[in-house]
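Biologist: I'm new to this one, so could you bring it up and walk me through it?
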Amino acid sequence: MKKIRSLIMSILCMSMLLFFNTVTDIEAAELKDGAIENLFIDTRPDYTIFVNRALNCISIVQQEADGTVTPVKTMVCSCGREGHETPEGIFQTSDYYDWRLMVDGTYGRYAVRFNGKILFHSVPYTETSPDTLEWEEYNLLGENASLGCVRLSVMDAKWIYDNCKPGTAVVVYSDSETAGLLEKPDAIKIPEDSPCRGWDPTDLDMYNPWFAAVNETNPAPVIGTVDEFNYMEYADTYPDLLAAFGYNREVLYMHYVLYGINEGRIATFN
């Protein structure tokens with residue numbers, strides 16, 4: 001509990017830092033003909049990203065106007081392995097890349113820098129092509145496996161890329177007992193013998209074979225984002241899944257994508 005309170009205090013300190021940085025940036029903007037040039041106000045919510053490098057999970061909270069925080073999302077990740085530990089501390093997001101060349105010659109998708117050479121990004125690809133996923137590394141999500149960056153599924157990396165504006169606070173810490181402000185989600189593995197294993201199963205690319213028709217006589221399954229997924233209906237429709245996963249939105253979505261489609265299960269999306 002002391003650690004959680006300490007993290008909350010870190011949020012408040014970072015919020016003040018971001019506020020004063022914003023004021024400074026506005027004052028420093030170039031003036032021409034009485035107008036401020038290139039001034040853009042990002043209206044996306046103020047999030048804080050908590051990275052627990054001991055348990056390899058992320059909790060994202062939203063900072064409310066009244067100073068409170070609201071849990072938003074949890075993700076499974078892979079932080080740095082032994083000898084390449086992800087640095088602890090409080091940082092801010094800065095540069096954003098669709099694809100980014102990594103130090104080992106692989107490529108990360110939806111990369112977001114937050115501490116020098118340390119970024120959030122997808123599990124590595126051998127080329128800048130979505131069908132070249134290093135699936136063995138994907139199956140290490142939830143374990144320490146990277147060279148210092150924070151690896152995520154494509155779905156989660158893209159969520160940070162799309163929703164967390166530059167200057168978003170990132171708190172990296174270690175707690176081997178408590179996942180964080182939200183529980184750590186289960187990591188679903190890619191079957192070794194799957195013909196689709198070169199693709200991230202959470203990638204919503206229209207050519208992703210995980211979303212292909214079960215066979216030629218059946219239409220392609222309905223697919224949408226995890227936020228559009230009617231996970232409660234899916235769980236209620238299949239009692240075996242409800243017993244195994246409860247109403248865990250992310251895990252049920254991953255089950256549908258990885259197994260449910262090929263098993264002929266039906267899901268709906270809003």
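Modeller: Some terms to begin with: helices (H or I, at least four residues) and strands (E, at least two) are DSSP runs, numbered from the N terminus, and contact means heavy atoms within 4.5 Å. Axes are lines fitted to C-alpha atoms, for helices over the stretch in contact, and angles run from 0 to 180 degrees between N-to-C directions. This is a predicted model, where local features need pLDDT of at least 70, side-chain atom pairs count only at pLDDT 80 or more, and totals for chains, interfaces and linings use all residues. Residues are numbered from 1 along each chain as its sequence is written, and side-chain values use heavy atoms, with hydrogens and water left out.

Biologist: Which strands does helix H3 lie across?
Modeller: Helix H3, residues 154-163, lies across E3, E4 (57-63) and E5, and runs at about 145° to E5.

Biologist: And what is the strand order in the open sheet?
Modeller: The order is E5-E4-E3-E11-E6, five strands with mixed pairing, where two strands pair if DSSP finds at least two bridges between them. E5 and E6 are the edge strands, each pairing on one side only.

Biologist: In what sense do E3 and E11 pair?
Modeller: E3 (residues 47-52) and E11 (residues 169-173) pair in the parallel sense over five bridges, and Val51 has Val172 in E11 as its bridge partner.

Biologist: Switching topic, where is Thr86, and is Thr86 buried or exposed?
Modeller: Thr86 sits in the loop between E5 (69-76) and E6 (89-92), and is buried, with a relative accessible area of 1%; buried means under 20%, exposed over 50%, partly exposed in between (1.4 Å probe, protein chains only).

Biologist: What does Thr86 touch?
Modeller: Not counting residues up to four places away in sequence, Thr86 touches several residues, among them Arg53, Gly148 and Val172.
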